[in-house]
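Okay, thanks for coming, everyone.

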Amino acid sequence: MKITHNRSVSRLTQPLMVLLTGLAATCFVGAACVDAADPPRMKRADAFLGIHFDFHAGEDCNRVGERTTPEMVELVINKVKPDYIQIDCKGHRGYSSYPTKVGNPAPGFVGDPLRVWRNVTRKRGIPLFMHYSGVWDYKAVADHPDWAAINANGKPNDRATSVFGPYVDTLMIPQLRELAGEYGVDGVWVDGDCWGTTVDYGSVAVSKFCEQTGAEAAPRKVGEAHWNEWMDFNREGFRNYVRHYVNELKASHPDFQVISNWAFSDHMPEPVSAEVAGLSGDFSPDDSVNSARFAGRCLEDQGVPWDLMSWSFSRKTRKQKPAVQLMQEAALVLALGGGYQAYFKQDRDGAIRDPAEMDVMAEVARFCRKRQAYCHRSVAVPQIALLYSTAGHYRESPRLFHWAGSNGVRVLRKALTEILQKQYGVQILSEHHLKGNMSRWPVIVVPGWEYLEPDFRDELASYAKSDGSLLLIGPGPAKLFNAELGPNTKSSIVFVDEVDDAFATVLQKAFPKPIVEVAGAKDVDVSPRILKGKLSIHLVNTSGPHDDAPDGGITEVKPVGPLTVSIALDQAPKSIMMQPEGKSLDVSWANGRATVTLPRLELYSILVVMP
């Protein structure tokens with residue numbers, strides 16, 4: 001700061017002069033604090049473990065910050081030792097849980113809780129991300145009905161803003177800039193975004209659609225002219241909205257990191273088309289193992305760092321999950337190379353709900369950290385490709401961005417469960433992954449899709465004629481490949497009616513020699529991976545009632561075993577290590593396969609092959 005010598009300054013006392021001179025190295029009151037002595041903070045792209053808090057402030061929140069203390073934040077950091085923390089700042093109700101000057105603050109505050117979180121995390125070198133509801137903002141659309149998406153009946157939506165309207169420029173971007181500039185937070189996790197976006201019959205959207213397509217009006221229901229074009233138009237509207245706020249924040253605050261919850265994921269199976277800092281989602285709070293199996297495989301090959309979040313409590317019972325239940329959920333994510341975080345509630349004043357819950361998360365964090373060196377950023381060894389068709393899904397989905405209601409996804413998820421129960425390695429892949437690369441996978445499974453783009457369909461047919469195994473499930477795919485399934489055709493295409501015992505038998509014939517074979521228990525997910533040039537086999541114990549957990553949660557995952565694991569290799573390995581146990585296993589070598597025996601699998605272990 002440059003100080004001009006004038007009468008006012010000359011009367012300053014020496015201590016105040018020292019304070020003013022030091023301001024350049026510290027911060028103004030109310031501005032983003034930066035200190036040269038602060039430890040550096042990790043980028044989200046490099047993060048492995050996080051913790052998330054939110055409480056969706058509302059009209060009932062009139063003492064926000066009353067119990068938010070530096071000691072509370074220190075407790076979280078000291079117990080969990082996270083790579084980053086995410087906290088609430090604006091939930092779906094639209095009220096901000098910090099004293100915003102550009103948004104809609106909650107009714108009452110005691111101090112500035114966000115400043116407390118930021119000051120402590122800054123001093124400890126912990127990145128701080130904001131939970132911010134994007135498209136969904138109940139208060140914004142109540143106060144400004146012209147900001148809302150318009151339903152097919154002509155009435156404003158009471159939750160969703162229009163991605164074609166002024167909300168993003170008038171409220172969202174200014175508020176994100178306030179968070180980035182005034183508070184110096186590291187980034188934002190935008191909730192209620194793709195999955196909250198709805199078809200918009202507002203005049204701006206309809207006018208643009210008619211201009212682009214030549215349609216006279218927007219269709220109102222499936223089967224009407226231009227329905228698919230109308231749905232795709234609205235999807236592109238969302239993509240443009242995300243790209244817009246990401247690019248605007250990059251322009252004004254280049255280091256601010258943006259993640260849009262569930263973008264480019266199982267909700268939105270398509271190439272990443274915005275410069276987001278990563279991909280993320282909070283999988284189902286109940287039946288979480290199956291949810292994580294599906295969601296993780298839809299994220300792992302997107303080419304962007306990713307993580308998945310557990311709910312630390314059951315939505316069905318509202319009770320805290322035991323640590324071992326969260327460990328099992330985390331294991332499914334870690335075994336696919338992703339990062340992990342868990343969601344804990346804040347009370348209505350913004351304080352963490354129960355400090356004892358941090359002991360649960362600390363136990364889960366230790367479990368994850370022991371495995372980090374052997375799992376984070378591993379990549380799959382191509383085995384079975386399970387097709388999640390972007391074109392097929394978008395043609396039949398009743399929503400813009402979600403998997404619910406899609407018959408192809410229903411069949412896909414049944415097939416995924418069966419493939420994993422038979423202990424094959426499997427990736428969920430879309431057209432943009434497979435085009436031009438099909439020969440990498442010994443087997444491609446097409447589950448239930450009734451529509452594929454013609455050129456992609458033809459490439460699949462050529463793959464089958466070139467010794468690739470193409471397995472079709474259901475009448476939709478059979479109709480698409482009717483010519484190839486006819487008599488006197490030469491292609492390795494196999495058809496089954498549904499996912500049943502016949503499917504399992506056909507799959508075994510199509511893929512008789514996978515890289516890994518496991519005997520001894522069926523409730524073990526097997527994922528062959530590569531990390532730092534080494535082959536590793538990830539084994540996750542999925543036993544237990546995770547699809548219908550008891551009222552008190554899952555308190556024990558019983559070990560399975562002994563397991564016999566056979567691995568196809570070019571040559572005998574020097575050793576096979578069981579990690580994180582650090583145990584060298586006895587290896588037998590015959591017919592190009594290395595075989596080891598695990599006396600028992602507790603929950604999640606990795607076999608690292610030393611060539």
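So, strand β6 (residues 187-191) pairs with β7 in the parallel sense, over 4 bridges. Strands here are DSSP E runs of at least two residues, helices are H or I runs of at least four, both numbered from the N terminus, and two strands pair if DSSP finds at least two bridges between them. Quick caveats: this is a predicted model, where local features need pLDDT of at least 70, side-chain atom pairs count only at pLDDT 80 or more, and totals for chains, interfaces and linings use all residues. Numbering starts from 1 along each chain as its sequence is written, and side-chain values use heavy atoms, with hydrogens and water left out.

Now, what is the bridge partner of V190 in β7? That's S260, which sits in β7, residues 257-260. S260 is buried, at 2% relative accessible area; buried means under 20%, exposed over 50%, partly exposed in between, with a 1.4 Å probe and protein chains only. Its side chain makes a polar contact with the side chain of D193, at 2.7 Å. That term needs an N or O pair within 3.5 Å; within protein, one atom must be able to donate a hydrogen and the other to accept it, and residues adjacent in sequence count only if both atoms are side-chain atoms. Leaving out residues up to four places away in sequence, S260 touches V190, D193, F238, V242, Y245 and S280, where contact means heavy atoms within 4.5 Å.
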